[in-house]
Amino acid sequence: MTSFAEITTIGVGGEIARFVEPTTRVGVIEAVEGADEHGLPLCVIGGGSNMLVSDEPFPGVVVRDARRRITVPDEAAPVEGDDRTVHVNAEAGANWDDFVAFTVELGLEGVEGLSGIPGTVGASVVQNIGAYGQEVATSVASVEVWDRETKTTRDLLPADLKFGYRSSALKSSMYQAPATPADRFFPTPRYVVLSVTFALRHSAEGTVGFGQLAKALGVEVGARMATTAIRDTVLEVRASKGMLEDPTRYALPDMADTKREGNVLADLKRLAASGAPAAEDGSGLPAPDWDRHSCGSFFMNPILPEAEAARLPEDAPRFAATLPDGTSGVKTSAAWLIDHAGFHKGFAVGERSAENAPASLSTHHTLALTNRGTATAADVVALAKTIQRGVRERFGVALVPEPVCVGVDLRP
Ligand SMILES: Cc1cc2nc3c(=O)[nH]c(=O)nc-3n(C[C@H](O)[C@H](O)[C@H](O)COP(=O)(O)OP(=O)(O)OC[C@H]3O[C@@H](n4cnc5c(N)ncnc54)[C@H](O)[C@@H]3O)c2cc1C
């Protein structure tokens, strides 16, 4: 029986009553509609890289879309005038980094800064993935969905998708308040993504949009560089922070074939070249890198009303931002708050550390909660709650988890 521990990057979570992997569009719709009709809990899962699921058995249906085709509908169309837009369509189950690698190889600009983000194309629009100065929102032309409310398929356009910082109309449909599930449509949105059409630009160069990346490339922010160089550097910077998934997970039976073989091999090669030791089991794979067994950034950067932000210490990071009600606010750094509340890299509950605890902060990054090999969801939750409590006591700020927490209460 498949469990969430086997199909999520953090590697925890209970057994699944029914796990289905439809290989056709109608199969996906039927699986979702079948669960909804029978009132069963439904979880549509992609790469499981943004989910923390409880250790209890999941009594419903988990659907993982096995369609992974990426096509270029414009390929045969003539270029008109100066318009260099190229549309690329990807089915929801396509691995996100397979998609990025494909577009960079094809000479398209638009998502190269999002290289190495784990997960699928379908989920990329749920929380509007972003990194290194890029967000998926800026490249999305339309999203084909199954609407669980009206029981019809629809094409959602950017205006319908209401993208914001790590948010979209899809994600909003799951929550009534931060980290508080809505009565319906949780842990899967009202709109199940079937495919995404991206509008990219025909160009082998992209813009370096973020200071840390510019520094690694030795250029100024705003410089134009080969998208291949941007991709390679993003992967290097991510590797140095443990912010890539562990490619050895694709050796698990339940993960086989969910990412293109050539790209998994390239990831394994990069990991081995970084000096990772070989696994002791003689598999020929690198040993697991526990710093990568996470959900990525576990807490969102808080966006605070100006009066609240004014109470933070002077050296706390501050960026202009917009609050959910449309008024202006201040975004601060969750990593800074965690570190300055006394939770440093490698922190674990109970005077333990990354070496001897089941769960700890990453040894590279204070924002990633990691499974050190034997963690249960309960261990990760205990760590998350300790950090939430500490940051609230020290700074009066409520940290909201970024992953979708199923059967786990981490309301701030
Ligand atoms: C090491 C690491 C680094 C990361 N770095 C980043 C980063 O830099 N930036 C960033 O934004 N995120 C980052 N993440 C978070 C994560 O990779 C993204 O949120 C990703 O988009 C999740 O994709 P997934 O397929 O794994 O989604 P899952 O975890 O499988 O699902 C997440 C949510 O999406 C829903 N969902 C999945 N597929 C569909 C679908 N077809 N239709 C509708 N809903 C669906 C699920 O029901 C669930 O609610 C990181 C995670 C890890 C582990």
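**Notebook: ligand shell and domain contacts**

I began with Gln127: an N or O atom in its side chain is 2.8 Å from an oxygen atom of the ligand. I count such a pair of N or O atoms as a polar contact if they are within 3.5 Å; within protein, one must be able to donate a hydrogen and the other to accept it, and residues adjacent in sequence count only if both atoms are side-chain atoms.

A note on the source: this is a predicted model, where local features need pLDDT of at least 70, side-chain atom pairs count only at pLDDT 80 or more, and totals for chains, interfaces and linings use all residues. Residues are numbered from 1 along each chain as its sequence is written, and side-chain values use heavy atoms, with hydrogens and water left out.

An N or O atom of the Thr120 side chain is 2.7 Å from a ligand oxygen, and for Arg166 the distance is 3.4 Å. The protein covers 96% of the 970 Å² of accessible area that the ligand has on its own (Shrake-Rupley method, 1.4 Å probe; for residues, only the protein chains shown count as cover).

Next I took the shell, meaning residues with a heavy atom within 4 Å. It holds 38 residues, and the closest are Val44, Gly46, Ser49, Thr120 and Arg238. I sorted the shell into 20 nonpolar, 15 polar and three charged residues. Here Ala, Val, Leu, Ile, Met, Phe, Trp, Tyr, Cys and Pro count as nonpolar, Asp, Glu, Lys and Arg as charged, and the others, Gly among them, as polar.

Where does the ligand lie? Domain 1 (4-64) and domain 2 (70-217) both give residues to the shell, so the ligand lies between them. The domain bounds come from an automatic or database domain assignment.

**Domains 2 and 4**

I then turned to domain 4 (299-406). Ten residues of domain 2 and eleven of domain 4 make the contact (heavy atoms within 4.5 Å). About 760 Å² is buried between these domains, with 63% from carbon and sulfur atoms; this is the accessible area (1.4 Å probe) that two parts lose on being put together, summed over both.

Which residues of domain 2 lose the most area to domain 4? I found Tyr165, Phe186 and Pro187, together 51% of what that side buries. Phe186 and Pro187 are also joined by a cis peptide bond, with omega about 10°.
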